[in-house]
Amino acid sequence: MSVYRLDHLLAPQSVALVGGSPRPGSLGAAVLHNIRSAGFAGPIGIVHPRHAEIAGLRTHRRIADLSFVPDVIVVTTPAAAIPDIVAEAGAAGVAGAIIISAGLGRGAGSIAEETNHNARAHGLRLIGPNCLGVMVPRARLNAGFAAHMPGDGHLALISQSGAIAAAMVEWAAPKRIGFSGIVSVGDQLDVDVADLLDFYALDGRTRAILLYAEQVKDARKFMSAARAAARVKPVVVVKSGRMAQGAKAAATHTGALAGADAVYDAAFRRAGLLRVIGLQDLFDCASILGQSRPPEGSRLAILTNGGGLGILAIDRLVELGGTPADLSPETAAHLDRVLPPTWSKANPVDIVGDADGARYAAALDALLADPASDAVLVMNVETAVADAAAIAATVATRVAAHREDVAPKPVLAAWIGADRDAIAAFESAAVPHFATDDEAVRAFMHLAHHREALSALSAVPPAIAETFTPDAAAGRRIVEAALADGRTWLDPLDAAALLSAYRIPTVPTLAAHDADEAVQQAEPFFAQKLPVAAKILSRDIVHKSDIGGVVLGITDAPALREAVAGILERAQRHRPDARIDGVLIQPMIVRPKAREVILGIADDPTFGPVMVFGHGGTAVEIIDDKALALPPLDLALARDLIERTRVAKLLRAYRDVPAVKPDEVALTLVKLSQMAVDLPEIRELDINPLIADETGVLALDARFAIAPPQALFAGQTRLAIRPYPSAWQGDLDVKDMHVTYRPIRPEDEPALRSFLDTIDAADLRLRFLGTLKEFTHPFIARLTQLDYARSMAFVAYETATQAIAGVVRLHSDSLYETAEYAVLVRSDLKGRGLGFALMQLLIRYARAEGLTALTGQVLNDNVAMLQMCRELGFTVSANADDPSVTEVRRDLRS
C-alpha cells in the first residue's frame with residue numbers, strides 16, 4: 001500500500017495507547033512513559049479494559065469511548081486481543097496502528113493474518129508487530145520502548161532490528177546527530193521497508209536515509225522504492241547475514257557462484273544504494289550525512305600539523321579509490337602568503353607542528369575556497385606548543401560559518417587523542433569527527449563512491465553497434481518442447497539451438513548414437529585437420545567431466561571409436577540410472593590466445609534471475625572471480641559487470657596478446673539478459689567457457705536448467721526490475737505524416753534534448769507549469785531513465801526524419817492506482833491531432849495496467865489542452881490551492 005496514510009502514523013496529531021500498564025518495568029509502562037516524557041503536544045489517550053487510571057491518567061475501556069479519534073494507536077496488549085483491537089480502531093476511523101507486541105505468528109490461520117485482514121477492511125495501516133516502535137522528534141513522538149528520545153535532525157532510520165534502532169539512538173545522542181524519523185518495522189505485516197523508503201524519499205526534512213536490512217519481502221516493490229529514493233538522496237544500507245549462502249544447492253557453476261549475500265549486493269548496487277559492512281561504517285556515514293551534504297566527487301584536501309599523518313591519510317585515500325586534490329595555483333600562492341615557508345607546498349597541506357588556531361583557520365579558509373577539491377579533512381596531533389582543544393574550537397567556528405555559503409563543502413575532522421573539550425567543540429558545531437585518519441577517510445570514501453555510483457546510473461547508455469534481434473519465438477519453442485517432454489534440462493543440441501536463436505556464436509554440435517555414427521559425423525572435421533571432442537549425451541548427466549564423459553583432442557577415426565566406447569562404458573558404470581542417448585561430437589576450436597570466461601543466469605529465491613560473469617574454466621569455483629547484476633542489462637551495465645572482476649584485465653591487450661574484440665563479451669551479456677526477460681522458464685544457465693579473443697566470442701559449452709514459469713510479480717514473471725515493455729510499439733494515425741511510437745529508453749536522451757530545444761518557450765511553460773532556463777543532464781535523465789513498474793513514457797517519431805515529434809507520459813501513485821499524465825508535442829506539429837493520438841495511447845496503456853484514473857494539472861490559459869481533455873472524457877474542476885491551475889481527471893473504469 002506504500003505511503004497511503006503514513007503521514008498519520010509518522011506525524012500524528014493525536015495518539016492512544018492500547019494496553020498501557022501500571023506495573024513498573026512492563027512494556028506498557030515503558031511506552032506510556034516515553035510518549036508522555038517526549039512532550040507530544042496532541043491529545044493522548046489510554047485504553048485498558050481493567051484499570052480505571054494508569055500513571056495518573058484516566059483510561060477508557062474501548063477506543064470508541066475516547067473523546068477524540070486518534071490518528072494512531074500504539075498497541076502493547078497480548079497478541080490474542082490485537083485482531084479485535086485493530087477492527088475496532090478501523091471502525092472508529094483510526095488511520096494506523098503501531099503494534100509493539102510480539103507473538104502474532106505468521107501465515108494462514110495466524111493472529112497476524114486476522115489482524116492484517118481487519119486492518120485492510122478499513123484502510124488502517126500497520127507498523128510491526130514485534131517492533132521497537134516509532135520515534136519522530138519533530139512531532140515529539142516517542143511511541144516505543146527505546147531508552148532515550150533522539151534529537152531532531154535530517155536523517156531517517158529504517159530498521160528491521162529494534163536493537164539496531166536503539167543502538168543508533170544511543171550512539172547519536174552525544175554527537176548531537178538528529179533524526180527526522182526512526183522506524184522499527186518488526187515483522188512488516190503491512191508497512192515495509194519499501195513503503196518507508198517511498199515516504200522518506202518525498203520528505204523534505206530528510207536529507208539521507210539509513211537502512212538496516214535483514215531480508216527483502218517483495219523484490220520488485222523494494223527495487224522500485226530504493227531506485228526512486230536513491231535518485232533524490234543518499235540511502236545507506238547495512239545488510240546482515242553476509243556469510244550465509246543460498247538456501248538451495250546450485251546445480252550449475254553459475255548458481256554456485258551466486259551466493260545469497262552477493263545477490264543482495266548486486267540489488268543494492270543496481271538501485272544506487274550505498275552498502276556498508278557494519279555498524280561502525282553506518283555510524284561514520286551518519287556522522288557526515290547528519291551534519292553536511294555529500295561531496296560532489298572524490299577529491300579530498302587534507303590539512304594537518306603532522307606530515308607523516310597526512311601521508312598515511314593520502315595512502316589510505318588512494319587505496320580506497322579516492323583522489324588527493326591538487327591545489328590550484330591560486331590556492332598555493334595564497335597559502336604561501338599566509339603560512340610559514342616550511343609548509344609542505346602540496347596536498348597534504350602540512351602546516352608544521354607548532355601550528356595554532358590562527359594558522360589552521362587561514363589554511364582552512366583557503367582550502368574551502370579552492371574549486372579543485374570536493375571536501376576537506378582537518379587533522380591534528382596534539383603537541384606541547386599548541387592547544388588542540390583551542391584549535392578544534394577555531395576549526396569548528398570556521399566550518400559553521402562556511403555552511404552559510406551557497407555550495408558548502410563537507411569538512412571532516414580527525415583529532416588524534418582528542419580530549420573532551422575538542423570533541424565538545426566539534427559536536428557543538430555539528431562537525432563530523434573521527435578518532436583516526438583511517439576512519440575519517442573511509443567515511444569520506446563511502447559517500448564519494450555513492451556519488452560515483454549515482455553518476456554512473458544516470459549516464460546515457462552507449463548505443464549497441466550490432467543490431468541485435470533475437471528469435472524469441474524459436475527460443476520459446478525449444479523450451480516449451482523440452483518442458484512438454486518432462487525435461488528439467490535442455491540437452492546440448494537444444495542448448496546450442498537456443499544460443500543460436502539469441503545470436504550467440506557456439507561451436508558446431510552433432511549427435512551420434514554409436515561409434516559408427518560418431519565417426520561419420522566427425523569426418524568433415526578430420527578432413528580439415530581439426531581434432532574433435534566427444535561428450536556423453538544424456539539428459540540425466542549435467543556435469544559430464546565428473547563421470548569421465550568427455551574426451552578431448554581426438555584426431556582420427558580409430559581414436560574416436562575407442563573414445564566413444566570408453567565414454568559409454570564409464571557413463572553406464574557410474575550412472576546406471578541415467579538415460580544415455582549416445583555422444584556429442586564437436587570440433588575443437590584452437591584459439592591459442594583466447595581467454596575463458598563464464599557467463600550465466602542464476603535463480604535467486606528473492607530477486608529472481610541474476611546475471612553472473614567471471615573467470616571461466618573447470619576451476620571456476622576455486623578461482624571465485626565473479627560479479628553479479630540484476631537483469632535487464634544494457635551495454636553500460638554489462639561493461640560495469642565485467643569491470644568488477646579480475647579477469648577484466650585479461651580481456652585487454654598485454655604483451656603479444658591482442659585485446660578481445662571490443663564489447664563482444666558485454667554484448668553477449670546483454671543477449672543473455674534478454675533471454676532471461678523473454679524466457680522465464682530458464683531457472684539456471686551457464687556458458688562455461690565462453691572463449692574470447694580479437695576475433696570475437698564462442699560458446700564451447702552451455703547448460704540450461706528449466707522449469708514452468710512462476711508468476712512472482714503482478715503482471716510479470718520473476719524479474720525484480722520490470723523490463724523494457726517492447727510489446728508497446730506501433731504506428732499512430734496522424735494527419736499528413738507517418739508516426740511510430742515506442743516506450744522511451746535511456747539512450748533517447750540526446751534525441752529528447754534536441755526535441756526540447758525545438759519547443760517554443762510558451763509551450764514549455766504550459767507543459768512544465770513554469771519557466772525552464774536550461775535542460776540539464778540530471779533533468780533529462782529523469783525523463784528518460786524510467787522504472788517501468790511505476791512510470792511510462794511513449795516517444796512518437798516522425799518516420800521521415802526519425803526526429804521526436806511528441807512525448808506522452810504517466811507516473812503512478814504509490815498504490816499503482818492513479819497516475820498523473822503529461823503530454824508535449826513539437827511546436828511546429830501542433831494542430832495535426834498528434835497530442836490527441838498520444839493521449840488515446842496513454843489511456844489504452846493505463847487501462848491495460850489496471851490503473852483506475854489519470855489525473856493532471858493544466859494552466860487555465862492552456863485552452864487547447866483543456867478542450868482535448870473534455871473530448872477525451874476528463875472531468876474538469878478548479879484547483880483549491882492555485883486559482884491559475886485547473887484539475888483534470890479521467891476515470892478509467894468506464
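1. Q188 lies in the loop that runs between β11 (179–184) and α6 (193–202). In this predicted model, Q188 has a positive phi of about 55° although it is not a glycine. Q188 counts as buried, because its relative accessibility is 5% and the cut-off for buried is under 20%.

2. N130 also deserves a look. Its phi is near 60°, again a positive value in a residue other than glycine. N130 sits in the loop between β7 (125–127) and β8 (133–136). At 42% relative accessibility, N130 is partly exposed, since that class lies between the 20% and 50% limits.

3. One joins P631 and P632, with omega about 5°. P632 belongs to the loop between β27 (626–629) and α22 (635–643). Another cis bond runs from N688 to P689, with omega near 5°. P689 is found within a strand, β28 (residues 682–693).

4. On the cysteines: the structure holds zero disulfides. C285 is buried, at 0% relative accessibility. C869 is likewise buried, with a relative accessible area of 0%.

5. Helix α14 (residues 388–402) packs with helix α15 (residues 420–428) at an angle of about 5°, and the axes are 8 Å apart. The pair is therefore roughly parallel, as angles under 35 degrees count as such. From α14, the residues A389, A392, A393, V395 and A396 take part; they meet D421, A422, A425 and F426 of α15. By class, this contact between α14 and α15 has eight nonpolar residues, one charged and no polar.

6. Which residues have the most contacts inside the largest nonpolar core? They are F222 and F607, in a core of 63 residues. Leaving aside residues up to four places away in sequence, F222 touches V193, A194, L197, L211, V216, F268 and L273. A second core, separate and of 53 residues, includes I744, L764, M868 and L892. In soluble globular proteins, nonpolar side chains tend to be buried together.

Technical notes. Residues are numbered from 1 along each chain as its sequence is written. This is a predicted model: local features need pLDDT of at least 70, side-chain atom pairs count only at pLDDT 80 or more; totals for chains, interfaces and linings use all residues. Side-chain values use heavy atoms; hydrogens and water are left out. A disulfide is a pair of cysteine sulfur atoms within 2.5 Å. Buried means under 20% relative accessible area, exposed over 50%, partly exposed in between (1.4 Å probe, protein chains only). Axes are lines fitted to C-alpha atoms, for helices over the stretch in contact, and angles run from 0 to 180 degrees between N-to-C directions. Helices (H or I, at least four residues) and strands (E, at least two) are DSSP runs, numbered from the N terminus. Angles under 35 degrees count as roughly parallel, over 145 as roughly antiparallel, 65 to 115 as roughly perpendicular and the rest as oblique. Contact means heavy atoms within 4.5 Å. Ala, Val, Leu, Ile, Met, Phe, Trp, Tyr, Cys and Pro count as nonpolar, Asp, Glu, Lys and Arg as charged, and the others, Gly among them, as polar. A nonpolar core is a set of buried Ala, Val, Leu, Ile, Met, Phe, Trp, Tyr and Cys residues joined through side-chain atoms within 4.5 Å.
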